[in-house]
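Dear colleague,

I am passing on the structure we spoke about, and I would be glad if you could look through it alongside the notes that follow.

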Amino acid sequence: MKNKATRQNVLMIGPVPPPTTGQSVMFSLLVDELRKSRSIDTANLSEPPGRRVQQFSFGRVIQVIKLAFSVIGGLSRTSAVYLTIAQSRVGFLRDIVFILISVLWRRPIIAHLHGGNYAQFYESENAVMRFLIRMTLRRVNRLIVLSDHLHKDFSFMGEEFTSRLRTVWNTSNLAPGRKRS
């Protein structure tokens, strides 16, 4: 039987600054906040410096493979996996690795889409990729989006899947009334 600390331990997979993006800031804020109430392990998905986002490279493949082994090593200490998901083919292929690993270790998966382009991404893909996207997303226990309006981006998954969607509004770590620099 798992002890209480293990049941509350979450493996969080996502980008951290640098580079500073909305997604990396959100991920860092979420990790910091959750660490107040539970044990958190993290796996950093940030792009290597100088690499163009969404561009395939063998260096990135090696980085993802190393990260996958790190994730596998940490799953024995966790009860759930949180993953920020991508809206590109290369990013999706990376995400499928972490989702399949989590499924094999029977860990619930909370996916978070920090953006609003998933329907266009899905529609732009060929039939094989669409099938992979649907099969992979069916393994996700909960999917977080940034607004209720974005629930429609996942209508291709069917009505049953939409019950797994939750809205967590986009956030900022700026005090009210303070201007961005």
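In what follows, a residue is called buried when its relative accessible area is under 20%, exposed when it is over 50%, and partly exposed in between, with a 1.4 Å probe and protein chains only. The areas themselves come from the Shrake-Rupley method with a 1.4 Å probe, and for residues only the protein chains shown count as cover.

Please bear in mind that this is a predicted model, in which local features need pLDDT of at least 70 and side-chain atom pairs count only at pLDDT 80 or more, whereas totals for chains, interfaces and linings use all residues. Residues are numbered from 1 along each chain as its sequence is written, and side-chain values use heavy atoms, with hydrogens and water left out.

As for confidence, the mean pLDDT (the predictor's confidence in each residue, from 0 to 100) is 87 for the chain, and 85% of its residues reach 70 or more.

Turning to the overall layout, the chain has 7 helices and 6 strands, taken as DSSP runs numbered from the N terminus (H or I over at least four residues for helices, E over at least two for strands). Along the sequence they follow the pattern α-β-α-β-α-β-α-β-α-α-β-α-β. Of the 181 residues, 41% are buried, and among contacts between residues at least 6 apart in sequence, 68% join residues at least 24 apart. The chain exposes about 10,500 Å², of which carbon and sulfur atoms supply 56%.

Alanine 43 belongs to strand 2 (residues 40-44) and is buried because its relative accessible area is 3%. Not counting residues up to four places away in sequence, alanine 43 touches Met12, Ile13, Gly14, Leu67 and Val71, while its C-alpha atom is separated by 9.2 Å from that of valine 16, 27 residues apart along the chain. Histidine 114 sits in the loop between strand 4 (109-113) and helix 5 (118-124), and, at 18% relative accessibility, histidine 114 also counts as buried. Its contacts, leaving aside neighbours within four places in sequence, are with Gly22, Gln23, Met26, Gln87, Leu146 and Asn170.

On the surface, Phe58, Val61, Ile62, Ile65 and Phe69 form a nonpolar patch with about 520 Å² of accessible area together. Patches here are made of residues with over 30% relative accessible area and no salt bridge, like charges being joined within 9 Å and nonpolar side chains (Val, Leu, Ile, Met, Phe, Trp, Tyr) within 5 Å. Valine 61, in helix 3 (residues 58-75), has 32% relative accessibility and so counts as partly exposed.

Finally, there are 7 salt bridges, each a side-chain nitrogen of Lys or Arg within 4 Å of a carboxyl oxygen of Asp or Glu. One of them joins aspartate 95 and arginine 94 (2.7 Å, N to O), and both of these residues are buried. Another links arginine 130, partly exposed at 24%, with glutamate 123, the closest N and O atoms being 3.5 Å apart. In the salt bridge between lysine 152 and aspartate 153, the closest N and O atoms are 3.8 Å apart; lysine 152 is partly exposed at 47%, whereas aspartate 153 is buried at 6%.

Methods
Contact = heavy atoms within 4.5 Å.
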